[in-house]
Amino acid sequence: MTPLEQLERRITDGSAVVGVVGLGYVGLPLADAIHSAGFRVIGFDSDPAKIEALNEGQTYLAHLGESLSPRLAASARFEVTGDEARFAECNAIVVCVPTPLAPDRTPDLSLVVETARAIGRALRPGQLIVLESTTYPGTTRTEFARAVCGEKDPERLGVAIAYSPEREDPGNLDHTTRSIPKLVGGLDERATKLAAALYSRAIAEVIPVSSAEVAESAKMLENIYRAVNIALVNEMKTVFDAMEIDVWEVVRAAATKPFGFTPFWPGPGLGGHCIPVDPFYFAWKAREVGRPTRFVELAGEVNHAMPGYVVDRTASVLEEAGVALDGASVLVLGLAYKPDIGDVRESPSFELIRLLRERGARVSYSDPHVPKTWKMRRYDLGLTSVTLGSDVLRSMDAVVIATAHRSFDYGLLAEHAQLIVDTRDAMRQYEPAVRGRLVRA
């Protein structure tokens, strides 16, 4: 029996040891799903704080629920470590590390490559290695596989390599890691079969595709589809604003058509790991093969410009009220990129605050899900969330609603805020009470 045949048997009988690298918004719920399927799971992370939290059963991703971390910590089939030498113990390794943009908006695959090299140093025959990180087509076969195997052929080394795009939507209560269909594409047919067999134990529906490149491309299409449509309504918003037409009412009106239209909503910019990033990853790869992607790149630029548009609108309406943005007190509501969770990845609120500060505003923020900021790759705001109260609201020249958390008291805002810049249509029910003090942007 070959090493890969032994691996298939271990996956089938549930005795395989599965490593999950990167215990964040993608890796932690995946590790939980694989563990719940009966496998022994070793979680890997470079952040000592996450390792300590999981070992002690402490929750650091609140949207996953309070029971997940204690349940894993109490299990003899789960452990977490930062020791990369322990990759050798794993029969399968799933890589869920970030793939951000470099400052010049080119792909930064450094974490993917570093992780793959670490796996390569511990590599042995009979292992399945799966990349889940969002990336451009061809990454798994080229950068990732070469970092794992060097110049050697994975098949000749007796290892299987595949790609399965993550499809997490933090805070979405209608779908979980187990219920979201899983795409799987390997570097060869055997890799696809092995990866599909592994995921089938933990995920309700697994969909094999013909190659890793197809799986990578599907992930690009899913996210760019959203980015392009959001860019469309964001650009239309700027025109409708100039025409004094309510873009949110327009979208709702169009959505009454029962076919041929899907509503997308404008905002202050894009957040989350994938949607703001993928157009630039795809455009970079397209240029490499000599094909321009003007449509996709334009969508990325439109969405990237939205925080600047919101700041310009804020400055304009303050000026109409006789207040200069330079020196004004501005409160940004919501630091997370989406409602009711603490996920700040690529959140446009950070850029809003940076731009407001750059123009001289005294900026504070309120977000019950993000008590304070910390040093990030591009931002180090050094701020602590303020409690939303009448005194705070009255002291502000403007309040910018960047994230529509349900926990915000919008009635209090309607009663006490001097000027409200609403980027999320959160104040609609209070519109009569705030007429003259409400601006949509």
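Start with serine 67. It lies in the loop between α3 (48-55) and α4 (68-73). A word on names: helices (H or I, at least four residues) and strands (E, at least two) are DSSP runs, numbered from the N terminus.

Before going on, the ground rules. This is a predicted model, so local features need pLDDT of at least 70 and side-chain atom pairs count only at pLDDT 80 or more, while totals for chains, interfaces and linings use all residues. Residues are numbered from 1 along each chain as its sequence is written, and side-chain values use heavy atoms, with hydrogens and water left out.

From serine 67 to valine 228 the C-alpha distance is 37 Å, and they sit 161 residues apart in sequence.

Now isoleucine 401. Find it in strand β11 (residues 398-401). Isoleucine 401 is buried, because its relative accessible area is 0%. Leaving out residues up to four places away in sequence, isoleucine 401 touches several others, among them Leu333, Tyr410, Leu413 and Met427. Contact here means heavy atoms within 4.5 Å. Alanine 441 is 40 residues away from isoleucine 401 in sequence, yet 9.5 Å away in space, C-alpha to C-alpha.

Next, the sheet. It is open, with 8 strands in the order β3-β2-β1-β4-β5-β6-β7-β8, and the pairing is mixed. Two strands pair if DSSP finds at least two bridges between them. Why do β3 (78-81) and β8 (206-208) stand at the edges? Each has a single partner strand, so one side of each is left without a neighbour in the sheet.

Look at β1 (residues 17-21) and β2 (residues 40-44). They run parallel, joined by 5 bridges. Glycine 19 has isoleucine 42 in β2 as its bridge partner. Helix α5 (residues 110-121) packs on this sheet, touching β1, β4 (92-95) and β5 (128-131).

Last, a helix pair. Helix α11 (residues 278-288) and helix α12 (residues 294-320) pack at about 145°, with axes 9 Å apart. Axes are lines fitted to C-alpha atoms, for helices over the stretch in contact, and angles run from 0 to 180 degrees between N-to-C directions. The contact includes Phe280 and Arg287 of α11, and Val296 and Glu301 of α12.

Technical notes
Buried < 20%, exposed > 50% of the residue type's maximum accessible area, 1.4 Å probe, protein only.
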